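Please look over the sequence and the model with this briefing beside you.

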Amino acid sequence: MENDNTIATSLTQLITADQAYHYGIVPVAFENDTVYFKSSDTSISLQQELNILFNYDIKFIKENQEVIKHLLALNYRKSSGSEELHYSNDFLEKILISAKEIGSSDIHFEPYEHKCRVRLRIDGKLKEHYLINLEEYPIIVNKLKIKASLDISEKRLPQDGRITMNNGNDEFDIRVSSLPTLYGEKIVLRILSKDTNNISLEKLGFNNSELTTYKEGIKKPNGIVLISGPTGSGKTTTLYATLKLLNDDKTNILTIEDPIEYTLEGINQVQLKESIGLDFSSTLRTFLRQDPDVIMVGEIRDAKTANMAIRAALTGHLVLSTIHTNSAWATISRLIDMGIPPFLIASTLNISVAQRLVRKLCNLCKTEEQAQNHHFPESFSIPENLRVHYIPKGCNQCHHTGYQGRKAIYEIVPIKKELIPHIKNNDLEIDDYLATENITSLKNNAIQLIKNGTTSIEEVYSLLMD
């Protein structure tokens with residue numbers, strides 16, 4: 001039997017989270033067709049009901065209510081919806097819908113030599129949630145490929161597709177990617193929400209000064225707004241919030257995306273399809289003949305797309321896009337490396353934004369500690385006013401992760417005439433200018449979040465190194 005508070009995945013998947021919370025039970029062992037549950041209620045009536053429900057012999061291990069609550073919070077994540085989920089008998093559908101309900105962004109189906117596992121990414125971190133028998137895994141893969149209109153006979157090449165799911169009133173899309181690996185096809189599903197009601201610039205994490213600066217940059221009639229950051233840093237959400245603000249009856253907005261993560265009424269959205277030649281640069285060329293006011297390009301990946309974006313900005317359009325760089329100023333160097341002349345960057349770039357997503361500490365269980373040198377990167381000098389920091393502890397409220405939710409932090413550099421000489425010289429060091437203009441870097445924003453107890457050192461460690 002499991003003595004640890006964390007129950008093995010093979011046991012937790014015996015029942016759904018709704019069943020666990022409804023009956024107040026936690027499975028701790030499965031031996032000889034008998035399931036052992038910890039429960040504060042060990043009555044005969046409950047035992048008989050569970051016998052019928054699960055078609056197994058049921059035995060109870062008496063435990064007090066507080067311990068049961070602790071085990072439930074640690075091993076099962078309740079759905080965020082107010083209504084109880086009604087799953088079909090389809091195991092695959094259960095995984096897809098429950099992942100959406102608990103706020104997962106990605107689902108990983110992974111085959112190995114002796115087992116196949118399913119991991120969900122929640123708040124940016126992966127956690128194992130299900131195990132699948134080796135014999136059943138190909139059936140699950142084929143069901144996914146059929147739902148996504150993929151070729152089930154092709155197992156040697158990667159494939160991409162899309163599934164539309166409907167869970168009562170909530171409809172959402174899932175992007176499907178298959179990858180041949182040593183022991184079979186690994187499938188990754190990205191959950192794409194169509195609901196944009198809760199997306200707005202005011203809710204993303206800008207402070208008042210940053211929000212004012214950003215809005216000034218996007219309200220210009222032409223030019224380029226670039227948002228940089230690694231995968232999963234919330235760039236696309238910032239773009240959609242921007243489009244919502246700009247969207248009105250007098251504005252023609254066109255987007256080319258890969259994938260289309262949200263659908264916005266009143267905006268003309270195009271899905272990238274490189275296999276038939278529908279790529280970013282060729283679509284941008286067509287966009288210029290569609291009388292646009294605002295153009296959104298999902299990502300600037302190459303010199304061809306960058307040049308088309310510059311051309312669109314020069315001809316009087318506002319262009320929004322993302323790019324992979326580590327800081328707002330590094331975006332300039334990236335464009336120069338792509339072959340864009342510095343004078344064109346200086347004359348078309350309105351604003352450069354870098355962002356990251358950091359997990360927020362749970363307010364109920366975070367613990368204060370004295371700040372000491374060994375907590376920080378070796379090259380980091382601790383500010384004098386940073387005497388304490390907070391560490392994640394874990395409680396029932398945060399499912400014993402120590403964190404609840406995430407927050408975006410930003411570095412916003414408006415391109416002013418004082419910066420033009422720096423751009424033309426490809427000058428990488430502008431710290432003095434940023435300080436003069438009161439522009440807060442990602443690093444300083446991270447330090448501020450540590451000071452006020454919003455996040456932990458480990459969560460922003462890489463930013464402190466930079």
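Arg311 is found in helix α10, which covers residues 303–314, in a model that is predicted. With a relative accessibility of 43%, Arg311 counts as partly exposed, because that class lies between under 20% for buried and over 50% for exposed.

**Charge at the surface**

- Arg311 gathers with Arg285, Arg289 and Lys304 in a patch of positive charge on the surface.

**Aromatic pair of Phe206 and Tyr410**

- The structure holds six aromatic pairs, and one of them joins Phe206 and Tyr410, whose ring centres are 3.9 Å apart and whose planes meet at 10°, so the pair is stacked.
- Because Phe206 lies in the loop between β9 (184–193) and α7 (208–218), while Tyr410 lies in strand β18 (residues 403–414), the pair ties together parts that are 204 residues apart in sequence.

**Aromatic pair of Tyr240 and Tyr262**

- Tyr240 and Tyr262 form an aromatic pair that is edge-to-face, with 4.9 Å from centre to centre and 70° between the planes.
- Tyr240 lies in helix α8 (residues 235–246) and Tyr262 in the loop between β11 (253–257) and β12 (268–271), so this pair ties together parts that are 22 residues apart in sequence.
- Tyr240 is buried, with a relative accessible area of 1%, and Tyr262, at 14% relative accessibility, also counts as buried, because the cut-off for buried is under 20%.

How values were computed
Residues are numbered from 1 along each chain as its sequence is written. This is a predicted model: local features need pLDDT of at least 70, side-chain atom pairs count only at pLDDT 80 or more; totals for chains, interfaces and linings use all residues. Side-chain values use heavy atoms; hydrogens and water are left out. Patches are made of residues with over 30% relative accessible area and no salt bridge: like charges are joined within 9 Å, nonpolar side chains (Val, Leu, Ile, Met, Phe, Trp, Tyr) within 5 Å. Accessible areas come from the Shrake-Rupley method with a 1.4 Å probe; for residues, only the protein chains shown count as cover. A salt bridge is a side-chain nitrogen of Lys or Arg within 4 Å of a carboxyl oxygen of Asp or Glu. Lys and Arg count as positive and Asp and Glu as negative; His and the chain ends are not counted. The place of a charge is taken as NZ of Lys, CZ of Arg, CG of Asp or CD of Glu. Helices (H or I, at least four residues) and strands (E, at least two) are DSSP runs, numbered from the N terminus. Buried means under 20% relative accessible area, exposed over 50%, partly exposed in between (1.4 Å probe, protein chains only). Rings of Phe, Tyr and Trp (its six-membered ring) pair if their centres lie within 6.5 Å; planes under 30 degrees apart count as stacked, over 60 as edge-to-face and the rest as tilted.
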